[in-house]
Amino acid sequence: MVDPRLARLGELIVGYGLTLRPGMIFRIDTPYVGVPLAIELYRAGLRAGALPYANVELEQLPEILVRDGSEEQLDFIPPAALGEVEMVDAIATIWAEGNTRALTGAEPDRHALRALGDGCAPHRCDGLRLAALDAGDRRPRRRRGRRPL
């Protein structure tokens, strides 16, 4: 059964926040717990004529990476992810957590390295870092000359 609140939120984000049009490539990023909203965003994207696809992250993987990965692995950004950002017209990212204490036991320095990798560390992206998208943005903005998070 579709939750009408999620359906309406999906329509609002797609139609008003992102103003998707036919043919626009629309990526939906979500952890597993955010899948119900991702499904409604996907449906709304299809109705708008966009080309939606979802990227579902398994919540346990970042925790495993921070605890078991090397510095090189923590800093790694998949080459496909770098090229993908240039091709996508709109991105909706759902921030949701099923386990809010997942990384509480991780070493802060290692967690910071992982955060740099997620944010496109300056030495890996020709001095550019991708910024978070606001609801009305069509493409990621690039920040120059700012410190990594």
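Me: Which residues of helix α1 are buried?
Reply: The buried ones in α1 are Ala7, Gly10, Val14 and Gly17. Buried means under 20% relative accessible area, exposed over 50%, and partly exposed in between, with a 1.4 Å probe and protein chains only. They lie on the same side of α1, because the arc they cover around the axis is only 165°; that arc is taken from the directions from the helix axis to the C-beta atoms.

Me: Where did these numbers come from?
Reply: The model is predicted: local features need pLDDT of at least 70 and side-chain atom pairs count only at pLDDT 80 or more, while totals for chains, interfaces and linings use all residues. Residues are numbered from 1 along each chain as its sequence is written, and side-chain values use heavy atoms, leaving out hydrogens and water.

Me: Which residues are exposed on the other side of α1?
Reply: Pro4, Arg5, Arg8 and Tyr16.

Me: And what do the buried ones pack against?
Reply: The buried residues of α1 pack against β1 (25–31) and α2 (35–47). Helices (H or I, at least four residues) and strands (E, at least two) are DSSP runs, numbered from the N terminus.

Me: What does Val14 touch, apart from its neighbours within four places in sequence?
Reply: Val14 is in contact with Thr19, Leu20, Phe26, Leu41, Ala44, Gly45 and Ala48. Contact means heavy atoms within 4.5 Å.

Me: Which residues touch the most other members in the largest nonpolar core?
Reply: That core has 14 residues, and Val14, Leu18, Leu20, Phe26, Ile28, Leu41 and Ile94 touch the most other members. α2 gives the largest share, four residues. A nonpolar core is a set of buried Ala, Val, Leu, Ile, Met, Phe, Trp, Tyr and Cys residues joined through side-chain atoms within 4.5 Å.

Me: Back to the helix. How far apart are Gly15 and Ala44 in space?
Reply: They are 8.0 Å apart, C-alpha to C-alpha, and 29 residues apart in sequence. Gly15 is in helix α1 and is partly exposed, with a relative accessible area of 48%.

Me: What comes just after α1?
Reply: Thr19, which takes a positive phi of about 45°.

Me: Now the strands. In which sense do β1 and β2 pair, parallel or antiparallel?
Reply: β1 and strand β2 (residues 51–57) pair in the parallel sense, over seven bridges. Two strands pair if DSSP finds at least two bridges between them.

Me: What stands opposite Ile28 in β2?
Reply: Ala54 stands opposite Ile28.
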